[in-house]
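Subject: Structure handover

Hello,

Here is the structure for you to look through. Please open it first, then read my notes below.

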Amino acid sequence: MKTRVLTGITTTGTPHLGNYAGAIRPAIEASRQPNVDAYFFMADYHALIKCEDPARVARSRLEIAATWLAGGLDVDKVTFYRQSDIPEIPELCWLLTCVTPKGLMNRAHAYKASVDQNTARNIDPDDGVTMGLFSYPVLMAADILMFNAHKVPVGRDQVQHLEMARDIAQRFNHLYGQGKEFFVLPEAQVDDEVATLPGLDGRKMSKSYDNTIPLFEGGSKAMRQAVSRIVTDSRQPGEPKDAEASHVYALYRAFATPAQATAFKAALEGGLAWGEAKEALFTLLDGIVAPMRDRYAQLMADPRQIEDILQAGAAKARRESAELMGALREAVGLRQPSQVAAVSKAKSKAGKTARLVSFREGERFHFRLLSVDGAELFLSEGFDNPKTAGQLMSELKTRALSGLAQVQNGQVTLVVDNQIVCRFPESDLEAVEQALASLKQD
């Protein structure tokens with residue numbers, strides 16, 4: 001049995017070298033293990049808690065997705081999606097909110113820190129505290145429990161949120177499970193060996209300290225300029241350097257092979273000039289990053305590539321999330337209404353039903369969904385092989401529409417097994433659902 005590992009990436013900024021070494025690289029390497037079922041998602045709902053700049057959030061969604069893809073994430077082996085493309089997540093968040101004690105949220109570190117800061121300033125304890133910040137752990141629990149992750153890689157500051165997710169899952173299971181465990185109890189995976197890179201000033205590399213080395217932003221030139229600004233001591237060329245205390249060596253070691261690191265350390269201790277050391281560091285980093293940078297530029301130049309990958313990932317994820325939400329709705333009493341009414345509307349008094357009609361146009365094969373009165377509800381994409389069209393028609397007759405439909409900007413996209421079937425206006429969704437329901441009944 002594979003271990004399901006889930007990783008979320010908040011879309012509020014542009015990834016830098018520290019993000020790559022500390023999170024992106026180890027997560028991608030771990031996803032390649034044969035016993036790991038890896039889920040990666042863009043936490044864009046979480047971004048709204050931290051950032052009120054829509055342009056920044058939108059740009060970050062592209063940049064972070066492109067960074068993970070350029071870094072080598074294999075979307076054929078993992079599930080890669082945007083949080084906001086899975087409507088079952090906010091729905092689950094509400095179900096979990098309804099069973100989460102307020103006292104549990106009162107103990108969340110981020111909320112307590114805000115209250116403590118306000119108290120120290122002699123202002124209202126909840127000044128500036130939004131419900132997004134207060135309820136952040138519940139949304140994080142929904143992200144994790146939606147896909148029943150076994151392990152979630154986190155820093156030590158996030159361990160409390162994993163413990164809260166376990167508490168919330170246990171409470172839901174107890175209240176509604178009736179002997180069934182809807183949710184796996186997730187475990188925090190804290191890797192103290194993951195590299196924490198020093199920034200240009202020696203503190204932890206962070207945007208908040210303005211001490212980062214860019215990963216792709218600004219290209220090779222920006223990386224070289226940043227490396228040249230790394231703080232060093234005043235020892236002159238020819239004087240032995242304390243490699244272990246050097247930020248230049250710490251950065252070099254994080255990306256070098258053991259043999260390269262040993263040779264570089266010896267060179268520093270032998271009197272290598274800081275300028276030459278920085279040039280050697282840049283050469284090492286740029287040699288590793290350049291191929292990824294080229295792929296990143298290609299993706300950013302054609303965002304449709306990114307969108308197609310994320311939509312395919314969302315379709316894959318929703319096959320699972322839609323099924324689980326159906327069971328959870330049933331458990332809490334939000335049972336699905338009978339399809340009898342919908343079917344009866346889709347049928348005429350003469351017993352006619354909606355129809356899927358296939359046809360050929362040029363070298364491509366299509367099909368239409370027609371209502372009882374013969375109106376076209378959607379026209380499929382064109383397919384090279386008639387068997388593909390036939391298989392997709394069969395899938396539409398047997399599978400739940402909720403697991404196939406992706407709604408965005410007033411348009412519905414139907415996706416079956418990563419294959420886009422068709423697109424139609426959201427206003428037609430109910431009619432399509434009723435028509436397909438009548439086909440299932442038949």
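Start with the largest nonpolar core, which has 54 residues. Within this core, W68, F80 and I213 touch the most other members. A nonpolar core is a set of buried Ala, Val, Leu, Ile, Met, Phe, Trp, Tyr and Cys residues joined through side-chain atoms within 4.5 Å. Buried means under 20% relative accessible area, exposed means over 50%, and partly exposed is in between (1.4 Å probe, protein chains only). Helix α12 (residues 274–301) gives this core its largest share, 11 residues. Another core lies apart from it and has 45 residues, including I86, F134, A142 and M146.

Two notes on how to read this. The model is predicted, so local features need pLDDT of at least 70 and side-chain atom pairs count only at pLDDT 80 or more, while totals for chains, interfaces and linings use all residues. Residues are numbered from 1 along each chain as its sequence is written, and side-chain values use heavy atoms, with hydrogens and water left out. Helices (H or I, at least four residues) and strands (E, at least two) are DSSP runs, numbered from the N terminus.

Back to I213. What does I213 touch, not counting residues up to four places away in sequence? The list is H16, L17, L200, M205, M223, A226, V227, I230 and L251. Contact means heavy atoms within 4.5 Å.

Next, a helix pair. The axes of α4 (residues 88–97) and α13 (residues 303–332) come within 10 Å and cross at roughly 30 degrees. Axes are lines fitted to C-alpha atoms, for helices over the stretch in contact, and angles run from 0 to 180 degrees between N-to-C directions. That crossing makes α4 roughly parallel to α13 (angles under 35 degrees; over 145 is roughly antiparallel, 65 to 115 roughly perpendicular, the rest oblique). On the α4 side, the contact uses E88, E91, L92 and L95. On the α13 side, it uses R318, S321, A322, M325, L328, R329 and V332.

T79 sits in strand β3 (residues 79–82). T79 counts as buried because its relative accessibility is 1%. Beyond its neighbours within four places in sequence, T79 contacts A38, Y39, F40, G313, K316 and A317.

L379 belongs to strand β8 (residues 376–379). Is L379 buried or partly exposed? L379 counts as partly exposed, because its relative accessibility is 35%. Leaving aside neighbours within four places in sequence, L379 contacts F359, H366, F367, R368 and C422.

Best wishes
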